[in-house]
Amino acid sequence: MENRLYYRELECCKDTDETFSRAAGGKDFIDLSLLPSETMREEISRYFRYRGMHVSLNTIQHEKVAYKLFCQAMQDRRDLPDSLLGWEESRWVQVMKGCLLKKGMPLTQENQSVYGTTHILDSRYIMFVRRLIRFLQPEDERPEREKDIWNLDRLGIEIKQNPIYRTVTLDFRGIHQTGIREEAKQAVFLHLKYENLGTVKREMSFLRQFSNYLEEQHKGLDSCGGIDRELIEEYLIHKATDGNFRKANSDNIIKLRSVLETIGKLYGWPHLEKLFINTDIPQEVQAEFKAYSDSELKRLNAHITKLDEQIARCMVLHQMLGTRVSDTLTLRRDCLSMSDGVNMVTIRQVKTTVYEKPVSAEVAALIRKAIQCSEERHGEADYIFVDEKDKSRPLQYTTVKHKVLNMILKEDLRDDAGKRFRFSTHMFRRTYGAKLTELHLDDWTIAKLLGHRGVHAVMHYRKMNNVVLAEETRKARKAQTRILYANLDGWGEDYEQIRQND
């Protein structure tokens, strides 16, 4: 085969102009002759052709550097297999690590996330080796439900999930016990038929935590059939005393109980349905309802308006409509209508029902502008805010989140308490609800504007405005005092004492 893979042969370079080719000079190819066997050359060529369909040329160039270093690492070995599949991934990683150590290059790198946290990762050279070897693995031909990583599109059932979150696979490898992993697969498949994918993912997360505990404390247990009440009590004590306080501890236990009960029904182990008692579930910690102040909104919006125009419109509309972020991102191009001369917007709530609410002419104009921009960019897409990678889907929550968090981190934006802002989209909804209470609207009207079925949640928005309530109460008390004083006139010295004591 040809010992050079030219950039122009890659999908990502087909539309590249000649300027880049001239800049690359005589290095516009990947040198396959550096590899010791014909099989390896075919494997590397296949890998880079695949990567060329999914990443930019800039990424290809970075990986080319890692590839050349990998080839140097192999030159020092005399026992190489003919194919990169001849050794396990871990052995190839050791080969690369040896080369890096000889050159005095680090094995790890620091990565700071958009949340401001720092993580220690493998160096990009080691990550290249892992990615390469995993790509070359032969496709698993087993039925999807027998695999440890499920492709959801291949399960043959309808998956109910929030359209603003894109989940492609479910990974069972975090469940260490082989028997429990297989039992969990059966329960999860059943739950996928009836529950939202987000619920199932939380069940799997808590099952992995339980599996970690079993791996440390009950090494020989390999089946849920061996779980008894005594073990559950030990686990509950462990969760209560491990120092990792979580607001969702009650949900943790409920989800774990749900999976174990389903496994009990499927495998005929009735004792699994009696493992938990009501007192095992702690009371849920009520989160403090917070809202943005006017000054905080001003600081945030001053920079939000500098983002990509559709992202900025999305965030501004999210604030002005007071919707959940899933409802904002799934606004459709036909959401605007007129009723008796009033602009109305139809909101299809992902969690509950469809409802309409009146909006101002300014909000309607902003929606029309967003629709126009969407049509220019994506044509006849269903949604106003569209995912760039898949025009049939709405703009993904993680895309918006990363854009805004990067902005906050870059500009070092802080709240009134001096803490860096977080990406709390629901805070905008709470702020909207709190503002409605300032307008002295009745509870039913506020509930309708927020899309609630009942008025119970409105009390939380009223509590957030205790300052306004206190100020208005103070005014009412002063008015009552003036009336009382006026009525005290002429009632004698005993009543005058009230005026003096006040």
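In the predicted model, Met-344 has Pro-358 of strand E9 as its bridge partner. Strands E8 and E9 run antiparallel and are joined by five bridges. They belong to an open sheet of three strands, ordered E7-E8-E9, in which the pairing is antiparallel. Strand E7 (336–339) and strand E9 (354–358) each have a single partner strand and stand at the edges, so one side of each is left without a neighbour in the sheet. On average, and with direction ignored, neighbouring strands are turned by 35° against each other. Helix H13 packs on this sheet through contacts with E7 and E8, and its direction makes about 55° with that of E8.

The largest nonpolar core contains 40 residues, of which Leu-300, Val-345 and Ile-367 touch the most other members. At least two residues of this core are supplied by each of helix H10 (294–304), helix H11 (309–321), helix H12 (325–329), strand E8 (342–348), helix H13 (361–378), helix H14 (397–411) and helix H15 (425–438). When neighbours within four places in sequence are left aside, the contacts of Val-345 include Leu-321, Leu-331, Leu-336, Tyr-355, Val-359 and Ile-367. A second, separate core comprises 36 residues, among them Ile-60, Met-74, Trp-87 and Trp-92.

Helix H3 covers residues 57–75, and its 19 residues should span 27 Å at 1.5 Å a residue, which agrees with the 27 Å between its end C-alpha atoms.

The count of salt bridges comes to 34. One of these joins the side chains of Glu-42 and Arg-46, with an N to O distance of 3.0 Å; both residues lie in helix H2 (residues 38–52), four residues apart, or about one turn of the helix. Glu-42 is partly exposed at a relative accessible area of 35%, and Arg-46 likewise counts as partly exposed at 35%. Arg-202, which is partly exposed at 38%, forms a salt bridge with Asp-251, their closest N and O atoms being 3.8 Å apart. Because Arg-202 lies in helix H7 (residues 197–217) and Asp-251 in helix H9 (residues 249–267), this pair ties together parts that are 49 residues apart in sequence.

A further salt bridge, at 2.6 Å from N to O, is formed by the side chains of Asp-280 and Arg-229. This pair links distant parts of the chain, 51 residues apart, with Asp-280 in the loop between H9 and H10 and Arg-229 in helix H8 (residues 229–241). Asp-280 counts as buried at 12% relative accessibility, whereas Arg-229 counts as partly exposed at 24%.

Conventions: Residues numbered from 1 in each chain as written. Predicted model: local features only at pLDDT ≥ 70, side-chain atom pairs only at ≥ 80, totals over all residues. Heavy atoms only, no water. Core = buried A, V, L, I, M, F, W, Y, C linked by side-chain atoms within 4.5 Å. Buried < 20%, exposed > 50% of the residue type's maximum accessible area, 1.4 Å probe, protein only. Contact = heavy atoms within 4.5 Å. Pairing = 2+ DSSP bridges. Axes fitted to C-alpha atoms, helices over the stretch in contact; angles between N-to-C directions. Expected span 1.5 Å × (residues − 1). Salt bridge = Lys/Arg side-chain N within 4 Å of Asp/Glu carboxyl O.
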